[in-house]
Amino acid sequence: MTALSPPPPAIARAFRLALDAASALAGATAPNPPVGCAVLAADGSVLAVRAHEGAGLPHAEAAALAACRDRWEAVHTLVVTLEPCNHHGRTGPCSEAILASPARAVWIGARDPNPAVAGGGARRLSAAGLDVAFVAGPLANEATRLIAPFAMYATQGRPWLTLKQAFTADGSMIPPPGARTFTSEASLDLAHGLRRRADAVITGSGTVLADAPLLTVRRVADPRRAPRRLAILDRRGRVPPAYLAAARARGLDPSVHADIPALLAGLAEGGALEALVEAGPTLSAAFLAASLWDERVVITKTARAGDPDTVETTLRVPVVRPAA
């Protein structure tokens, strides 16, 4: 088994396909992580690309291999964004599905971070005689970042917290009178993309009372099957029942919480891997002050009309795989 290897061009291209397939389903797979897999022939040509679509459905490796049934003997290499599982869950071990195929080599993007299952897929495949390598460099970092919410949930017992804030040119988070937003169309697309990949949206009672926001995914494709959680911090019981009923009618699963710890515990209990904080200044400041954020996205409206908004994304702890 090779520890960290720069991938040859054909493998790198396959990783790009697998990562893109998995990323397109981020937010739809909880409590499982998003995973993509590409199957290659011996000459490097791509036979199939598939991604895991949700809990209880085939894992990416099994789905990709199933798509190759009419070219079964050509199967040679699997490229997978996450270490294949080696345990029984709702589905059988991916390691066994790979061993039942003609595959002779496996390239892996990220190690399985779940301490409950202790990985083992790479070791199992290597012990069976397959060539197993972990890819190095930017592709490895991208694969590790893709499963960062799953790693947070598996190791810390809470969802990955993405904090989005939008500011006017003079530093206010409050839209001008009569407006619900002030950011550009591109920034709105970005915001809905962040919402799409989240299993839950967190907001406060002040935002609900001021704007009655929809908090649904509208500007980008949303592959999620289950209702997205809407967790509302409401210490004083101010959120109207009518708003909660309307949220349910929009396909959300709303809940009201008295404090942030209870809110996060409720989301974790429900298997949420990532939560997007879309709140006003007070609640956003509370998450920042408590260091309860993993990714912060700051959108700032520029003073000059027609100029694009500035967007700054910060990871509180850089998500990269160690060099060794």
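Predicted model: local features only at pLDDT ≥ 70, side-chain atom pairs only at ≥ 80, totals over all residues.
Residues are numbered from 1 along each chain as its sequence is written, and side-chain values use heavy atoms, with hydrogens and water left out.

**Helix α1**

- The buried residues of α1 (under 20% relative accessible area) are Ile11, Ala14, Phe15, Ala18, Leu19 and Ala22.
- They cover an arc of only 140° around the axis (taken from the directions from the helix axis to the C-beta atoms), so they sit on the same side of α1.
- These buried residues pack against β2, β3, β4, β5, β6 and α5, where contact means heavy atoms within 4.5 Å.
- Helix α1 holds 15 residues (9–23) and should span 21 Å at 1.5 Å a residue, which agrees with its end C-alpha atoms being 21 Å apart; the expected span is 1.5 Å times one less than the number of residues.
- Helices (H or I, at least four residues) and strands (E, at least two) are DSSP runs, numbered from the N terminus.

**The largest pocket**

- About 1,000 Å³ of space lies in the largest pocket, the volume being the space filled by probe spheres set on the grid points.
- A pocket is an open set of points on a 1 Å grid over the protein atoms alone, where a 1.4 Å probe fits, with protein on both sides within 12 Å along at least five of seven lines.
- Of its 40 lining residues (those with an atom within 4 Å of a point), Thr207, Asp211, Glu278, Ala279 and Gly280 are the closest to the centre.
- The lining divides into 18 nonpolar, 11 polar and 11 charged residues.
- β7, α7, α8 and α11 each supply at least two residues of this lining.

**Loop residues to look at**

- Pro31 is in the loop between α1 and β2, and the peptide bond from Ala30 to Pro31 is cis, with omega near 5°.
- Ala212 lies in the loop between α8 and β9 and has a positive phi, near 45°, without being a glycine.
- Leu215 is also found in the loop between α8 and β9, and its phi is positive too, at about 60°.
- Leu215 counts as buried because its relative accessibility is 6%.

How values were computed: Buried < 20%, exposed > 50% of the residue type's maximum accessible area, 1.4 Å probe, protein only. Nonpolar A, V, L, I, M, F, W, Y, C, P; charged D, E, K, R; others polar.
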